[in-house]
Amino acid sequence: MRIAVCDDEKYFVDNIIERIQAYGVEDVLPNKFDGYTDPCQLLNHFKMFDYDLVYLDIKMNDKCGVDVAKEIKRIKSNCIVIFVSSYDEYIHESYRVEAFQFLKKPVEEELFNLELKRAITKYKRLNKSFVFTTTIGNKLVKANNIIFLEASYGNYKLYTTNETYFGTCKSIADTKQELLDSHFYQLNRSIIINFKHVYTFTNEDITMSNKEILHITKKKRKDFKEKYFDYIDNEE
């Protein structure tokens with residue numbers, strides 16, 4: 001897991017990195033921890049190192065951490081951002097950049113470890129992948145790139161953010177259950193959707209991120225809404 005810490009006071013940078021190392025994330029590969037006291041340097045290096053988690057101070061010399069977070073999210077929208085600051089009046093601003101958490105200095109160790117654990121769990125979920133046996137060979141597809149899976153007459157069609165794959169249902173029997181154990185939902189006998197790619201929905205239809213419109217049966221409407229809102233509530 002590639003982690004960056006940015007604070008204009010080196011003491012806090014070193015302290016957070018020490019806490020991360022003490023907690024232990026060695027099993028979450030690739031593994032990289034970098035500290036910055038200059039937010040401009042962090043932004044310059046961000047594209048190169050592709051950080052997964054960034055700890056940010058709010059006020060750093062003449063640079064606002066919220067603005068830094070906006071730029072980070074522009075480069076990598078699923079980067080997990082945790083603000084660590086003494087200025088709790090910025091909490092509401094942090095929501096506007098979809099910060100994962102806002103920790104008030106000094107951060108108690110138990111809380112720090114709890115939020116790091118949550119961030120690691122989210123990282124693993126974002127990077128979970130599935131193997132599909134397709135007509136062109138085995139394909140490793142990230143869970144978050146799957147829009148929905150459609151099965152009929154013994155064959156399946158997998159819609160992803162990159163392309164569409166085809167194969168036999170028999171070859172993915174176990175994979176279907178793995179999807180349902182993750183953030184996917186059985187819309188009907190034929191279709192499993194990824195909650196992440198639900199664009200809009202009405203009582204009768206769901207529009208997915210690829211603009212495909214899927215019908216919701218009357219029997220499924222209440223269950224879909226409950227499960228979808230549970231997913232939204234737990235997304236952080």
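**Figure 1. Phenylalanine 130 stands opposite valine 141 in strand β9.** This first close-up, like the others, comes from a predicted model. Look for two strands here: β8, made of residues 129–134, and β9, made of residues 137–142. They run antiparallel, and six bridges join them. Follow the chain from β8 to β9 and you will pass through a hairpin of two residues.

**Figure 2. Five strands form an open sheet.** Reading across the sheet, you will find the strands in the order β12-β11-β10-β14-β13, with antiparallel pairing. Which strands sit at the edges? They are β12 (164–168) and β13 (184–186), and each of them pairs on one side only. On average, neighbouring strands of this sheet are turned by 15 degrees against each other, direction ignored. A helix joins the picture too: α6, residues 173–180, packs on the sheet. Helix α6 touches β10 (146–152), β13 and β14 (191–194), and its direction makes about 110 degrees with that of β13.

**Figure 3. Strand β11 pairs with strand β12 in the antiparallel sense.** Strand β11 covers residues 155–160, and five bridges link it with β12.

**Figure 4. Helix α1 crosses helix α5 at roughly 70 degrees.** Helix α1 spans residues 10–23 and helix α5 spans residues 109–126; their axes come within 11 Å. Angles from 65 to 115 degrees count as roughly perpendicular, so α1 is roughly perpendicular to α5. The crossing in which α1 passes α5 is right-handed. On the α1 side, the contact is made by Ile16, Arg19, Ile20 and Tyr23. On the α5 side, look for Glu109, Phe112, Asn113, Leu116, Lys117 and Ile120. Sorted by class, the residues of this contact are six nonpolar, one polar and three charged.

**Figure 5. Aspartate 14 forms a salt bridge with lysine 10.** Side chains of opposite charge can pair when their charged atoms come close. In this pair, the closest N and O atoms are 2.8 Å apart. Where do aspartate 14 and lysine 10 lie? Both are in helix α1, four residues apart, which is about one turn of the helix. The count of salt bridges in the model comes to 13.

**Figure 6. Helices α2 and α3 cross at roughly 5 degrees.** Here you see α2, residues 39–49, and α3, residues 65–75, with axes that come within 11 Å. Angles under 35 degrees count as roughly parallel, and α2 and α3 are therefore roughly parallel to each other. Helix α2 brings Pro39, Leu42, Leu43, Phe46 and Lys47 to the contact, while α3 brings Val68, Glu71, Ile72 and Ile75. By class, this contact has seven nonpolar residues, no polar ones and two charged ones.

**Figure 7. A cis peptide bond joins lysine 105 and proline 106.** The omega angle of this bond is about -10 degrees. Proline 106 lies in the loop between β7 (101–104) and α5. The view also takes in glutamate 98, whose place is in the loop between α4 (91–96) and β7. Phi of glutamate 98 is near 55 degrees, a positive value in a residue other than glycine.

Definitions and conventions:
Residues numbered from 1 in each chain as written. Predicted model: local features only at pLDDT ≥ 70, side-chain atom pairs only at ≥ 80, totals over all residues. Heavy atoms only, no water. Pairing = 2+ DSSP bridges. Axes fitted to C-alpha atoms, helices over the stretch in contact; angles between N-to-C directions. Contact = heavy atoms within 4.5 Å. Parallel < 35°, antiparallel > 145°, perpendicular 65-115°, else oblique. Left-handed = near helix turned anticlockwise from the far one by under 90°. Nonpolar A, V, L, I, M, F, W, Y, C, P; charged D, E, K, R; others polar. Salt bridge = Lys/Arg side-chain N within 4 Å of Asp/Glu carboxyl O.
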